[in-house]
Amino acid sequence: MARAICYGGLLILVLFALSGCATITGPSVSQEEILRAQEELMVKSLGFRLKQLEKVNNIGYQLISHIPQDEIKVSEGPQPYLGMYVSKIDKYFKQLYRLQADEGLVVIAVIEDSPAERAQILPGDFLISVDNERISSVREFNQYFRKLNIGDLIKLQVQRGGVLKDIFLTVGSIPINVPIVMVDVQEVNAAASSNAIYVTYGLMNFVKSDDEIAAVLAHELAHFVRGHVSKAQMSSLLSLLIGIPLGIIADEAAPGTGDLVMRTADVFKASYSRDLEREADYFGVKFIYLAGFDPCVCVSFLERFAIEIPRSMIRNYLSTHPSSPERMLRIKKAVQELACVSCP
């Protein structure tokens, strides 16, 4: 009897010890709840990325609109311009904008001070037709846009909040029309290709001001407009500003977008001669100054980039670019020449 009591007590002690080591996970969560939360996060992620895309293009097109036409070597005069992003509808756009349609086109962003903004087009507008011609894909929309000339008046029929609206828009002009595409890569980088400017989300997380974004974009735009991209690779520009947050929107959201996405790794590996980099630095400063951004940020951003990401500078940068001290000195002198300002 005493032995049984002893064994019983020992068992209780063991169970008590084991219970003290158990992991406490808290309330249980079902797979259905997890999937629902995942879908909600995907919609919020889409909204965040579209805001980033809109921001970088607002800055980019502010720069572009102030580029002197005689500095541009890759076009023959002003280009038609609407200043709106469109994409095909998927389930995430449908939830983000609370759309009733399952397919078709939706406006996903409108550039500041563009013909589209002046016509009061809004993100979330479901695009039904252009000049009474039914439009159901980005390809059709681009094909129609290519027929337009600067100054043409077009009628867009959209559905907003379940109400049909006719919006009249006058096609504007811009010195050059080149999309700025966001790339879902965490590397701090930007690049110019024959038909787009690429900016990584890593760069957007690194920059601290609109002036710093402008400093990066102006340099890449200088590569583009000064004809540094190989002429053998030049193709026609995308005729409409279209942004693709990768991983959420399907490739066919814009003609050629699938190819552009596949080439992004090669774009970031591309290099120019050091003299072309010097020219891009000089004209980048000029473009920033003309657009009203702070040109001295070109110097401070380059310095911060070299200090905070030295490994990137050595691996991907100094092999093709002039040294950082040389670039900073040249840029300071360019600012002094163009803006009569001495950078600290």
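Student: Which residues of H10 are buried?
Tutor: This is a predicted model. Buried means under 20% relative accessible area. In H10 the buried residues are Glu277, Ala280, Asp281, Phe283, Gly284, Val285, Phe287, Ile288 and Ala291.

Student: Which helices do the buried residues of H10 pack against?
Tutor: H10 covers residues 274–291. Its buried residues pack against helices H2 (31–65), H7 (210–225), H11 (297–308) and H13 (324–339).

Student: What classes of residue make the contact of H7 with H10?
Tutor: H7 contributes Ala214 and His219, among others, while the H10 side includes Glu277 and Phe287. By class, the contact has eleven nonpolar, three polar and two charged residues.

Student: Is alanine 214 buried or exposed?
Tutor: Alanine 214 lies in helix H7. Its relative accessibility is 0%. The cut-off for buried is under 20%, so alanine 214 counts as buried.

Student: Which residues does alanine 214 contact, leaving aside neighbours within four places in sequence?
Tutor: Start with glycine 60, 154 residues away along the chain. The C-alpha atoms of alanine 214 and glycine 60 are separated by 6.9 Å. Beyond its sequence neighbours, alanine 214 is in contact with Ile59, Leu63, Ile288 and Phe293.

Methods
Residues numbered from 1 in each chain as written. Predicted model: local features only at pLDDT ≥ 70, side-chain atom pairs only at ≥ 80, totals over all residues. Heavy atoms only, no water. Helix = DSSP H or I, 4+ residues; strand = E, 2+ residues; numbered from the N terminus. Expected span 1.5 Å × (residues − 1). Buried < 20%, exposed > 50% of the residue type's maximum accessible area, 1.4 Å probe, protein only. Contact = heavy atoms within 4.5 Å. Nonpolar A, V, L, I, M, F, W, Y, C, P; charged D, E, K, R; others polar.
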